[in-house]
Amino acid sequence: MRFVSLISAIVVFFSANLLAATSSQHSSQGSTTATIGKVDLVVVNKSARKMRLLKNGEVVREYRIAMGDRPKGHKLTEGDQRTPQGRYLLDYKKSDSAYYRAIHISYPNAEDRLRAAALGLEPGGQIMIHGQNPNSSLSPSEAQKLNWTDGCIAIKNHEMDELWQAIEINTPIEIWP
């Protein structure tokens, strides 16, 4: 009888630990920002349509992105439907964006302005990471399969909430071809 009681106690102990581990694993896979904390770098790979959040060199989150209608190449001028390429800063947050929330990318930098001037162009600006279009008839998952912005980077609204909490003002962003 003691042996059965001992086995029962062991089963209860391991079951409780397994339940606790499973519960904590589920919360870390959800959209809670407490699990990733603050990140120190955002990397966008335009050709892969991915945005990665890094902390101490490790990827802690990855999102599928939508960009402008002409995603290839570096942004040269306002209205060209391109997303810039290079190293910038996420320099302010805009909570009242027409696209849910937005975080501004510090485009154009000095190099972008010089390039545009050499070509006799205006470099444009107001490039943001933002949420979904509230007027779209597409689901967020369907919209992420398309390039629908004017050169900005779009993610789903719940991902925008997570990014909003994960970055500090002036977090660097690298946008690769």
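The accessible surface of the chain comes to about 10,000 Å², and carbon and sulfur atoms hold 56% of that. Accessible areas come from the Shrake-Rupley method with a 1.4 Å probe; for residues, only the protein chains shown count as cover.

Q: What kind of model is this?
A: A predicted one: local features need pLDDT of at least 70, side-chain atom pairs count only at pLDDT 80 or more, and totals for chains, interfaces and linings use all residues. Residues are numbered from 1 along each chain as its sequence is written, and side-chain values use heavy atoms, with hydrogens and water left out.

Q: How many helices and strands?
A: The chain has 4 helices and 8 strands. These are DSSP runs (helices H or I, at least four residues; strands E, at least two), numbered from the N terminus.

Q: In what order do the strands sit in the sheet?
A: β3-β2-β1-β8-β4-β5-β6-β7, an open sheet with mixed pairing. Two strands pair if DSSP finds at least two bridges between them.

Q: Which are the edge strands?
A: β3 (58–64) and β7 (153–154); each pairs on one side only.

Q: How do β1 and β2 run?
A: Antiparallel, joined by 5 bridges. Val43 stands opposite Arg52 in β2.

Q: New topic. Is Thr171 buried or exposed?
A: Thr171 counts as buried because its relative accessibility is 5%. Buried means under 20% relative accessible area, exposed over 50%, partly exposed in between (1.4 Å probe, protein chains only).

Q: Where is Thr171 found?
A: In strand β8 (residues 171–176).

Q: What lies 2.6 Å from a polar atom of its side chain?
A: The backbone oxygen of Glu168.

Technical notes. A polar contact is a pair of N or O atoms within 3.5 Å; within protein, one must be able to donate a hydrogen and the other to accept it, and residues adjacent in sequence count only if both atoms are side-chain atoms.
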